[in-house]
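Hi everyone, thanks for coming. I'd like to walk you through one structure today, so let's get it up on the screen.

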Amino acid sequence: MAAMLENKRILLVIGGGIAAYKALDLIRRLKERGATVRCILTKAAQEFITPLATGALTGERAFTDLFDAQGEFDVGHIRLARETDLIVVAPATADLMAKMAGGHADDLASTVLLASDKQILIAPAMNPRMWEHPATRRNLAQLTADGVAVIGPNEGDMAERGERGIGRMAEPLEITAAVEELLPSAGAKPLAGRRVVVTAGPTHEPIDPVRYLANHSSGKQGHAIARAAAAAGAEVILVSGPVNLPDPAGVKTMKVTTAREMLAAVEKALPADVAIFAAAVADWRTEETKQKIKKGNGSPKLSLVENPDILATVAARKSKRPKLVVGFAAETDNVVGYAKDKRVRKNSDWILANDVSTQTGIMGGDHNKVHLITANDVESWPDQSKDEVARALVARIAAALAKA
Ligand code: PMT
(Lines give C-alpha, C1' and ligand atoms only; values in the text may rest on other atoms or scores of the structure.)
Protein backbone atom coordinates (compact mmCIF):
# COMPACT_ATOMS: atom_id res chain seq x y z
CA MET A 1 0.00 0.00 0.00
CA ALA A 2 1.55 3.34 -1.07
CA ALA A 3 1.92 5.64 1.94
CA MET A 4 0.26 8.56 0.16
CA LEU A 5 -0.71 10.16 3.47
CA GLU A 6 2.62 9.71 5.29
CA ASN A 7 3.04 12.41 7.97
CA LYS A 8 -0.47 13.75 7.39
CA ARG A 9 -2.65 14.38 10.44
CA ILE A 10 -6.37 13.88 10.02
CA LEU A 11 -9.04 14.75 12.52
CA LEU A 12 -12.10 12.60 11.90
CA VAL A 13 -15.36 13.96 13.29
CA ILE A 14 -17.91 11.14 13.45
CA GLY A 15 -21.57 12.16 13.43
CA GLY A 16 -24.49 10.10 14.68
CA GLY A 17 -25.99 8.05 11.90
CA ILE A 18 -26.10 4.46 10.80
CA ALA A 19 -23.17 5.18 8.45
CA ALA A 20 -20.97 5.77 11.54
CA TYR A 21 -19.94 2.13 11.37
CA LYS A 22 -18.20 2.89 8.05
CA ALA A 23 -16.01 5.42 9.89
CA LEU A 24 -14.18 2.46 11.42
CA ASP A 25 -13.19 1.20 7.97
CA LEU A 26 -12.29 4.76 6.98
CA ILE A 27 -9.85 4.97 9.92
CA ARG A 28 -8.24 1.73 8.76
CA ARG A 29 -7.90 3.01 5.16
CA LEU A 30 -6.37 6.31 6.27
CA LYS A 31 -3.96 4.59 8.66
CA GLU A 32 -2.77 2.07 6.05
CA ARG A 33 -1.82 5.05 3.87
CA GLY A 34 0.34 6.43 6.65
CA ALA A 35 -1.93 9.08 8.19
CA THR A 36 -2.23 9.80 11.89
CA VAL A 37 -5.92 9.86 12.80
CA ARG A 38 -7.62 11.42 15.79
CA CYS A 39 -11.36 11.04 16.33
CA ILE A 40 -14.11 13.12 17.83
CA LEU A 41 -17.40 11.29 18.36
CA THR A 42 -20.58 13.29 18.81
CA LYS A 43 -22.99 12.13 21.50
CA ALA A 44 -25.24 10.64 18.81
CA ALA A 45 -22.29 8.85 17.16
CA GLN A 46 -21.72 7.00 20.42
CA GLU A 47 -25.13 5.38 19.98
CA PHE A 48 -23.67 3.58 16.93
CA ILE A 49 -19.96 3.03 17.67
CA THR A 50 -17.85 3.34 20.80
CA PRO A 51 -14.87 5.55 21.65
CA LEU A 52 -13.13 2.31 22.58
CA ALA A 53 -13.41 0.96 19.03
CA THR A 54 -12.12 4.16 17.40
CA GLY A 55 -9.38 4.43 20.03
CA ALA A 56 -8.23 0.87 19.32
CA LEU A 57 -8.05 1.56 15.57
CA THR A 58 -6.41 4.99 15.74
CA GLY A 59 -4.06 4.15 18.61
CA GLU A 60 -5.12 7.45 20.24
CA ARG A 61 -7.85 8.20 22.74
CA ALA A 62 -11.14 9.31 21.21
CA PHE A 63 -12.48 12.74 22.15
CA THR A 64 -16.12 13.11 23.09
CA ASP A 65 -16.79 15.96 25.53
CA LEU A 66 -16.27 19.68 25.38
CA PHE A 67 -15.96 19.95 29.14
CA ASP A 68 -13.63 17.02 29.71
CA ALA A 69 -10.91 18.02 32.14
CA GLN A 70 -8.62 15.18 31.02
CA GLY A 71 -9.11 16.04 27.34
CA GLU A 72 -8.44 19.73 27.89
CA PHE A 73 -5.39 18.81 29.95
CA ASP A 74 -3.87 16.50 27.26
CA VAL A 75 -4.78 18.30 24.06
CA GLY A 76 -7.58 20.85 24.43
CA HIS A 77 -10.17 21.63 21.81
CA ILE A 78 -8.17 24.46 20.26
CA ARG A 79 -5.17 22.21 19.72
CA LEU A 80 -7.46 19.53 18.29
CA ALA A 81 -8.71 22.13 15.80
CA ARG A 82 -5.24 23.34 14.84
CA GLU A 83 -2.92 20.33 15.04
CA THR A 84 -4.29 18.71 11.93
CA ASP A 85 -3.83 18.93 8.17
CA LEU A 86 -7.44 18.16 7.31
CA ILE A 87 -10.70 17.67 9.15
CA VAL A 88 -13.01 14.98 7.78
CA VAL A 89 -16.63 14.87 8.94
CA ALA A 90 -18.03 11.39 8.23
CA PRO A 91 -20.87 10.82 8.45
CA ALA A 92 -21.90 14.46 8.21
CA THR A 93 -25.50 14.31 9.39
CA ALA A 94 -28.11 16.93 8.47
CA ASP A 95 -27.80 18.25 12.02
CA LEU A 96 -24.00 18.56 11.90
CA MET A 97 -24.21 20.31 8.53
CA ALA A 98 -26.80 22.73 9.93
CA LYS A 99 -24.59 23.46 12.94
CA MET A 100 -21.56 24.05 10.72
CA ALA A 101 -23.48 26.31 8.33
CA GLY A 102 -24.92 28.28 11.25
CA GLY A 103 -21.64 28.54 13.18
CA HIS A 104 -22.95 26.74 16.26
CA ALA A 105 -20.56 25.59 18.99
CA ASP A 106 -22.50 23.65 21.60
CA ASP A 107 -20.50 20.43 21.74
CA LEU A 108 -16.92 19.34 21.10
CA ALA A 109 -17.42 18.51 17.40
CA SER A 110 -19.11 21.80 16.44
CA THR A 111 -16.73 23.84 18.60
CA VAL A 112 -13.65 22.31 17.00
CA LEU A 113 -15.13 22.79 13.52
CA LEU A 114 -15.78 26.47 14.28
CA ALA A 115 -12.37 26.98 15.88
CA SER A 116 -10.42 25.49 12.98
CA ASP A 117 -8.86 27.31 10.05
CA LYS A 118 -8.02 24.02 8.28
CA GLN A 119 -9.62 22.56 5.16
CA ILE A 120 -12.74 20.56 6.00
CA LEU A 121 -14.13 17.66 3.96
CA ILE A 122 -17.66 16.45 4.72
CA ALA A 123 -19.21 13.13 3.69
CA PRO A 124 -22.95 13.71 4.09
CA ALA A 125 -25.21 10.79 5.00
CA MET A 126 -28.92 11.05 5.64
CA ASN A 127 -32.36 10.02 4.47
CA PRO A 128 -33.00 11.16 0.84
CA ARG A 129 -35.89 13.44 1.93
CA MET A 130 -33.61 15.16 4.44
CA TRP A 131 -30.94 15.54 1.74
CA GLU A 132 -33.47 17.10 -0.65
CA HIS A 133 -35.00 19.38 2.01
CA PRO A 134 -34.57 23.08 1.20
CA ALA A 135 -32.92 23.63 4.60
CA THR A 136 -30.21 21.05 3.81
CA ARG A 137 -29.78 22.50 0.30
CA ARG A 138 -29.28 25.96 1.86
CA ASN A 139 -26.80 24.60 4.40
CA LEU A 140 -24.89 22.75 1.69
CA ALA A 141 -24.70 25.88 -0.48
CA GLN A 142 -23.43 27.88 2.53
CA LEU A 143 -20.81 25.27 3.40
CA THR A 144 -19.59 25.07 -0.20
CA ALA A 145 -19.38 28.86 -0.33
CA ASP A 146 -17.35 28.73 2.90
CA GLY A 147 -14.82 26.47 1.14
CA VAL A 148 -15.87 23.17 2.67
CA ALA A 149 -15.20 20.24 0.31
CA VAL A 150 -17.96 17.67 -0.12
CA ILE A 151 -17.78 14.00 -1.11
CA GLY A 152 -21.04 12.19 -1.91
CA PRO A 153 -23.62 11.29 -0.89
CA ASN A 154 -24.25 8.37 -3.24
CA GLU A 155 -27.45 6.90 -4.52
CA GLY A 156 -28.59 3.58 -3.10
CA ASP A 157 -30.72 1.67 -0.64
CA MET A 158 -31.25 3.32 2.72
CA ALA A 159 -31.15 1.72 6.15
CA GLU A 160 -34.92 2.37 6.30
CA ARG A 161 -36.57 -0.62 4.62
CA GLY A 162 -37.68 -0.08 1.07
CA GLU A 163 -36.21 3.45 0.81
CA ARG A 164 -33.88 4.33 -2.01
CA GLY A 165 -32.40 7.59 -3.20
CA ILE A 166 -29.48 9.95 -2.76
CA GLY A 167 -28.21 10.00 0.81
CA ARG A 168 -25.85 7.05 1.36
CA MET A 169 -22.47 8.11 2.67
CA ALA A 170 -19.63 7.81 0.14
CA GLU A 171 -17.66 4.59 0.59
CA PRO A 172 -14.52 4.72 2.78
CA LEU A 173 -12.27 4.28 -0.28
CA GLU A 174 -13.99 7.19 -2.06
CA ILE A 175 -13.51 9.36 1.01
CA THR A 176 -9.86 8.26 1.21
CA ALA A 177 -9.35 9.22 -2.46
CA ALA A 178 -10.88 12.64 -1.74
CA VAL A 179 -8.53 13.05 1.24
CA GLU A 180 -5.54 12.18 -0.96
CA GLU A 181 -6.66 14.74 -3.50
CA LEU A 182 -7.03 17.44 -0.86
CA LEU A 183 -3.68 16.52 0.70
CA PRO A 184 -1.36 15.73 -2.20
CA SER A 185 2.27 15.00 -1.36
CA ALA A 186 4.27 18.12 -0.67
CA GLY A 187 5.65 19.91 -3.72
CA ALA A 188 3.46 18.12 -6.28
CA LYS A 189 1.37 21.09 -7.49
CA PRO A 190 2.45 21.53 -11.11
CA LEU A 191 -0.91 23.04 -12.14
CA ALA A 192 -1.11 25.59 -9.32
CA GLY A 193 -2.55 28.86 -10.64
CA ARG A 194 -4.05 27.17 -13.73
CA ARG A 195 -7.73 26.90 -14.55
CA VAL A 196 -8.90 23.66 -16.18
CA VAL A 197 -12.33 22.84 -17.64
CA VAL A 198 -13.23 19.17 -18.07
CA THR A 199 -16.33 17.62 -19.65
CA ALA A 200 -17.44 14.14 -18.61
CA GLY A 201 -20.17 11.57 -18.96
CA PRO A 202 -22.93 11.14 -21.52
CA THR A 203 -25.59 13.61 -22.47
CA HIS A 204 -29.27 12.66 -22.43
CA GLU A 205 -31.34 14.02 -25.29
CA PRO A 206 -35.07 13.88 -24.59
CA ILE A 207 -37.34 12.21 -27.14
CA ASP A 208 -40.53 12.84 -25.18
CA PRO A 209 -41.20 13.46 -21.47
CA VAL A 210 -40.20 9.87 -20.51
CA ARG A 211 -37.59 8.74 -23.07
CA TYR A 212 -34.17 9.92 -24.12
CA LEU A 213 -31.20 9.16 -26.39
CA ALA A 214 -27.99 8.32 -24.52
CA ASN A 215 -24.83 6.19 -24.54
CA HIS A 216 -22.84 3.98 -22.15
CA SER A 217 -20.37 6.60 -20.87
CA SER A 218 -20.06 6.42 -17.08
CA GLY A 219 -18.16 9.68 -16.62
CA LYS A 220 -15.32 7.81 -14.85
CA GLN A 221 -12.57 8.99 -17.21
CA GLY A 222 -13.62 12.65 -17.10
CA HIS A 223 -14.12 12.62 -13.33
CA ALA A 224 -10.69 11.00 -12.87
CA ILE A 225 -9.13 13.79 -14.96
CA ALA A 226 -10.91 16.45 -12.91
CA ARG A 227 -9.64 14.85 -9.68
CA ALA A 228 -6.09 14.53 -10.97
CA ALA A 229 -6.01 18.15 -12.18
CA ALA A 230 -7.31 19.35 -8.80
CA ALA A 231 -4.72 17.22 -7.00
CA ALA A 232 -2.09 18.91 -9.16
CA GLY A 233 -3.24 22.27 -7.81
CA ALA A 234 -5.49 23.47 -10.66
CA GLU A 235 -8.78 25.27 -10.21
CA VAL A 236 -11.07 22.75 -11.90
CA ILE A 237 -14.54 23.16 -13.35
CA LEU A 238 -16.08 19.81 -14.21
CA VAL A 239 -19.07 19.93 -16.56
CA SER A 240 -20.69 16.55 -16.10
CA GLY A 241 -23.58 14.89 -17.85
CA PRO A 242 -25.86 12.54 -15.88
CA VAL A 243 -23.62 10.03 -14.06
CA ASN A 244 -23.78 7.89 -10.98
CA LEU A 245 -20.57 9.23 -9.40
CA PRO A 246 -20.00 11.51 -6.42
CA ASP A 247 -18.88 15.06 -7.22
CA PRO A 248 -15.08 15.10 -6.87
CA ALA A 249 -13.82 16.92 -3.78
CA GLY A 250 -12.10 20.25 -4.39
CA VAL A 251 -13.66 20.62 -7.86
CA LYS A 252 -16.51 22.87 -8.98
CA THR A 253 -19.02 20.53 -10.64
CA MET A 254 -21.65 21.87 -13.05
CA LYS A 255 -24.31 19.24 -13.74
CA VAL A 256 -26.01 19.23 -17.12
CA THR A 257 -28.27 16.91 -19.08
CA THR A 258 -28.19 17.79 -22.77
CA ALA A 259 -25.45 18.72 -25.24
CA ARG A 260 -26.77 22.25 -25.52
CA GLU A 261 -26.66 22.64 -21.73
CA MET A 262 -23.12 21.25 -21.72
CA LEU A 263 -22.00 23.79 -24.31
CA ALA A 264 -23.58 26.66 -22.33
CA ALA A 265 -21.89 25.49 -19.10
CA VAL A 266 -18.48 25.15 -20.78
CA GLU A 267 -18.76 28.63 -22.31
CA LYS A 268 -19.69 30.00 -18.89
CA ALA A 269 -16.65 28.29 -17.34
CA LEU A 270 -14.23 30.01 -19.75
CA PRO A 271 -11.62 31.50 -19.75
CA ALA A 272 -9.41 28.55 -18.90
CA ASP A 273 -5.80 27.57 -19.49
CA VAL A 274 -6.79 24.06 -20.51
CA ALA A 275 -10.02 22.43 -21.70
CA ILE A 276 -10.34 18.64 -21.78
CA PHE A 277 -13.31 17.08 -23.54
CA ALA A 278 -13.86 13.56 -22.20
CA ALA A 279 -17.67 13.65 -22.46
CA ALA A 280 -19.47 11.35 -24.85
CA VAL A 281 -21.77 14.04 -26.20
CA ALA A 282 -24.76 12.83 -28.21
CA ASP A 283 -24.13 13.90 -31.80
CA TRP A 284 -27.86 14.19 -32.45
CA ARG A 285 -31.04 15.12 -30.65
CA THR A 286 -34.62 14.72 -31.73
CA GLU A 287 -37.34 17.29 -31.93
CA GLU A 288 -38.82 16.73 -28.47
CA THR A 289 -42.56 16.16 -28.24
CA LYS A 290 -44.48 17.52 -25.26
CA GLN A 291 -46.67 14.43 -24.96
CA LYS A 292 -45.53 10.83 -24.49
CA ILE A 293 -45.39 9.11 -27.89
CA LYS A 294 -48.12 6.45 -27.89
CA LYS A 295 -47.90 2.96 -29.32
CA GLY A 296 -50.43 1.77 -31.87
CA ASN A 297 -49.78 4.29 -34.64
CA GLY A 298 -47.05 2.30 -36.38
CA SER A 299 -43.33 2.91 -35.73
CA PRO A 300 -42.75 6.56 -34.87
CA LYS A 301 -40.24 8.40 -37.08
CA LEU A 302 -37.61 10.25 -35.10
CA SER A 303 -36.18 13.18 -37.00
CA LEU A 304 -32.63 13.79 -35.78
CA VAL A 305 -31.08 17.24 -35.55
CA GLU A 306 -27.30 17.66 -35.16
CA ASN A 307 -26.11 18.90 -31.77
CA PRO A 308 -23.49 21.63 -31.47
CA ASP A 309 -19.93 20.26 -31.32
CA ILE A 310 -18.64 21.60 -28.01
CA LEU A 311 -14.96 20.80 -28.60
CA ALA A 312 -14.97 22.28 -32.12
CA THR A 313 -16.85 25.38 -30.94
CA VAL A 314 -14.36 26.07 -28.12
CA ALA A 315 -11.32 25.27 -30.27
CA ALA A 316 -12.54 27.69 -32.98
CA ARG A 317 -12.98 30.62 -30.59
CA LYS A 318 -11.16 33.82 -31.50
CA SER A 319 -11.29 35.04 -27.92
CA LYS A 320 -10.95 32.97 -24.77
CA ARG A 321 -9.61 29.92 -26.63
CA PRO A 322 -7.85 27.86 -23.94
CA LYS A 323 -4.06 27.62 -24.40
CA LEU A 324 -4.38 23.85 -24.66
CA VAL A 325 -7.45 22.07 -26.07
CA VAL A 326 -7.52 18.31 -25.51
CA GLY A 327 -10.21 16.11 -27.06
CA PHE A 328 -10.92 12.40 -26.96
CA ALA A 329 -11.84 10.23 -29.92
CA ALA A 330 -14.08 7.24 -29.29
CA GLU A 331 -13.60 4.87 -32.20
CA THR A 332 -14.36 1.22 -32.97
CA ASP A 333 -12.05 0.75 -35.99
CA ASN A 334 -9.10 2.53 -37.59
CA VAL A 335 -8.75 4.12 -34.13
CA VAL A 336 -5.60 6.18 -34.68
CA GLY A 337 -6.40 7.08 -38.30
CA TYR A 338 -9.88 8.44 -37.55
CA ALA A 339 -8.62 10.17 -34.40
CA LYS A 340 -5.88 11.96 -36.37
CA ASP A 341 -8.51 13.28 -38.79
CA LYS A 342 -10.70 14.34 -35.87
CA ARG A 343 -7.86 16.30 -34.27
CA VAL A 344 -7.40 18.34 -37.42
CA ARG A 345 -11.12 18.70 -38.23
CA LYS A 346 -11.97 19.91 -34.74
CA ASN A 347 -8.83 22.08 -34.39
CA SER A 348 -7.91 20.29 -31.17
CA ASP A 349 -4.28 20.54 -30.01
CA TRP A 350 -4.23 16.97 -28.72
CA ILE A 351 -6.56 14.00 -29.04
CA LEU A 352 -6.64 10.90 -26.86
CA ALA A 353 -7.92 8.06 -29.00
CA ASN A 354 -9.54 5.04 -27.39
CA ASP A 355 -11.18 1.94 -28.78
CA VAL A 356 -14.77 1.77 -27.48
CA SER A 357 -15.68 -1.55 -29.13
CA THR A 358 -17.79 -3.53 -26.66
CA GLN A 359 -15.07 -6.14 -26.00
CA THR A 360 -12.56 -3.51 -24.73
CA GLY A 361 -14.87 -2.59 -21.82
CA ILE A 362 -13.44 0.94 -21.94
CA MET A 363 -16.73 2.82 -22.09
CA GLY A 364 -18.24 2.37 -18.66
CA GLY A 365 -15.27 0.37 -17.28
CA ASP A 366 -12.41 1.24 -14.94
CA HIS A 367 -9.52 0.87 -17.40
CA ASN A 368 -8.47 2.67 -20.54
CA LYS A 369 -5.86 2.31 -23.24
CA VAL A 370 -5.24 5.53 -25.09
CA HIS A 371 -3.09 6.87 -27.91
CA LEU A 372 -2.00 10.47 -27.38
CA ILE A 373 -2.08 12.21 -30.75
CA THR A 374 -0.37 15.57 -31.06
CA ALA A 375 0.47 17.60 -34.18
CA ASN A 376 3.67 15.61 -34.81
CA ASP A 377 3.42 12.42 -32.85
CA VAL A 378 1.35 9.40 -31.82
CA GLU A 379 2.21 7.82 -28.50
CA SER A 380 0.48 4.61 -27.37
CA TRP A 381 0.05 4.28 -23.61
CA PRO A 382 -0.36 0.93 -21.82
CA ASP A 383 -3.68 -0.38 -20.58
CA GLN A 384 -4.06 1.25 -17.17
CA SER A 385 -6.69 2.46 -14.72
CA LYS A 386 -8.60 5.61 -15.64
CA ASP A 387 -6.95 7.30 -12.63
CA GLU A 388 -3.52 6.43 -14.03
CA VAL A 389 -4.47 7.74 -17.47
CA ALA A 390 -5.70 10.92 -15.79
CA ARG A 391 -2.49 11.40 -13.79
CA ALA A 392 -0.32 10.75 -16.85
CA LEU A 393 -2.34 13.24 -18.90
CA VAL A 394 -2.13 15.88 -16.18
CA ALA A 395 1.64 15.40 -15.97
CA ARG A 396 1.87 15.89 -19.77
CA ILE A 397 -0.29 19.00 -19.62
CA ALA A 398 1.80 20.47 -16.80
CA ALA A 399 4.99 19.84 -18.76
CA ALA A 400 3.51 21.42 -21.93
CA LEU A 401 2.30 24.52 -20.07
CA ALA A 402 5.64 24.89 -18.32
CA LYS A 403 7.39 24.96 -21.74
CA ALA A 404 4.92 27.36 -23.39
O1 PMT B 1 -17.16 7.90 -19.45
P2 PMT B 1 -16.38 6.60 -19.39
O3 PMT B 1 -17.25 5.40 -19.18
O4 PMT B 1 -15.24 6.69 -18.39
O5 PMT B 1 -15.70 6.36 -20.81
C6 PMT B 1 -14.72 7.24 -21.29
C7 PMT B 1 -14.94 7.61 -22.76
C8 PMT B 1 -14.79 6.38 -23.63
C9 PMT B 1 -16.35 8.20 -22.95
C10 PMT B 1 -13.86 8.69 -23.10
O11 PMT B 1 -12.59 8.16 -22.91
C12 PMT B 1 -14.03 9.22 -24.49
O13 PMT B 1 -13.60 8.65 -25.47
N14 PMT B 1 -14.72 10.39 -24.61
C15 PMT B 1 -15.11 10.98 -25.91
C16 PMT B 1 -16.34 10.31 -26.41
C17 PMT B 1 -16.83 10.88 -27.74
O18 PMT B 1 -17.90 11.42 -27.80
O19 PMT B 1 -15.95 10.79 -28.71
P20 PMT B 1 -16.22 11.33 -30.24
O21 PMT B 1 -15.14 10.70 -31.03
O22 PMT B 1 -17.62 11.11 -30.65
O23 PMT B 1 -15.97 12.89 -30.12
C24 PMT B 1 -14.69 13.49 -30.32
C25 PMT B 1 -14.50 14.62 -29.34
O26 PMT B 1 -15.46 15.64 -29.58
C27 PMT B 1 -14.64 14.23 -27.89
O28 PMT B 1 -13.68 14.97 -27.15
C29 PMT B 1 -16.05 14.71 -27.53
O30 PMT B 1 -16.14 15.08 -26.14
C31 PMT B 1 -16.20 15.93 -28.42
N32 PMT B 1 -17.58 16.21 -28.83
C33 PMT B 1 -18.27 15.34 -29.60
C34 PMT B 1 -19.54 15.66 -30.02
C35 PMT B 1 -20.11 16.89 -29.63
N36 PMT B 1 -21.34 17.22 -29.99
N37 PMT B 1 -19.40 17.73 -28.85
C38 PMT B 1 -18.15 17.41 -28.44
O39 PMT B 1 -17.52 18.17 -27.72
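Let's start at a pair of residues: phenylalanine 328 stands opposite leucine 352 in E17. Before going on, a word on the source: this is a predicted model, where local features need pLDDT of at least 70 and side-chain atom pairs count only at pLDDT 80 or more, while totals for chains, interfaces and linings use all residues. Residues are numbered from 1 along each chain as its sequence is written, and side-chain values use heavy atoms, with hydrogens and water left out.

Back to the strands. E16 and strand E17 (residues 350-355) pair in the parallel sense over 6 bridges; two strands pair if DSSP finds at least two bridges between them. Helices (H or I, at least four residues) and strands (E, at least two) are DSSP runs, numbered from the N terminus. E16 also pairs with strand E13 (residues 274-277), again in the parallel sense, over 4 bridges. There, valine 274 stands opposite leucine 324 in E16.

Is E16 mostly covered or mostly open? It is mostly covered, with 7 of its 8 residues buried. Buried means under 20% relative accessible area, exposed over 50%, and partly exposed in between, using a 1.4 Å probe and protein chains only.

Now to the ligand. How many residues surround it? There are 28, and the closest are Ser217, Ser218, Ala279, Lys342 and Gly364; a residue counts as near if one of its heavy atoms lies within 4 Å. Helix H10 (220-231), helix H12 (310-315) and strand E16 (324-331) each supply at least two residues of the shell. By class, the shell has 14 nonpolar, 8 polar and 6 charged residues. In this scheme, Ala, Val, Leu, Ile, Met, Phe, Trp, Tyr, Cys and Pro count as nonpolar, Asp, Glu, Lys and Arg as charged, and the others, Gly among them, as polar.

What about backbone atoms? A polar backbone atom of phenylalanine 277 is 2.7 Å from an oxygen atom of the ligand. Next, a polar backbone atom of alanine 278 is 2.9 Å from a nitrogen atom of the ligand. Glycine 364 has a backbone N or O atom 2.6 Å from a ligand oxygen atom. The protein covers 96% of the 760 Å² of accessible area that the ligand has on its own, with areas from the Shrake-Rupley method and a 1.4 Å probe.

Conventions
A polar contact is a pair of N or O atoms within 3.5 Å; within protein, one must be able to donate a hydrogen and the other to accept it, and residues adjacent in sequence count only if both atoms are side-chain atoms.
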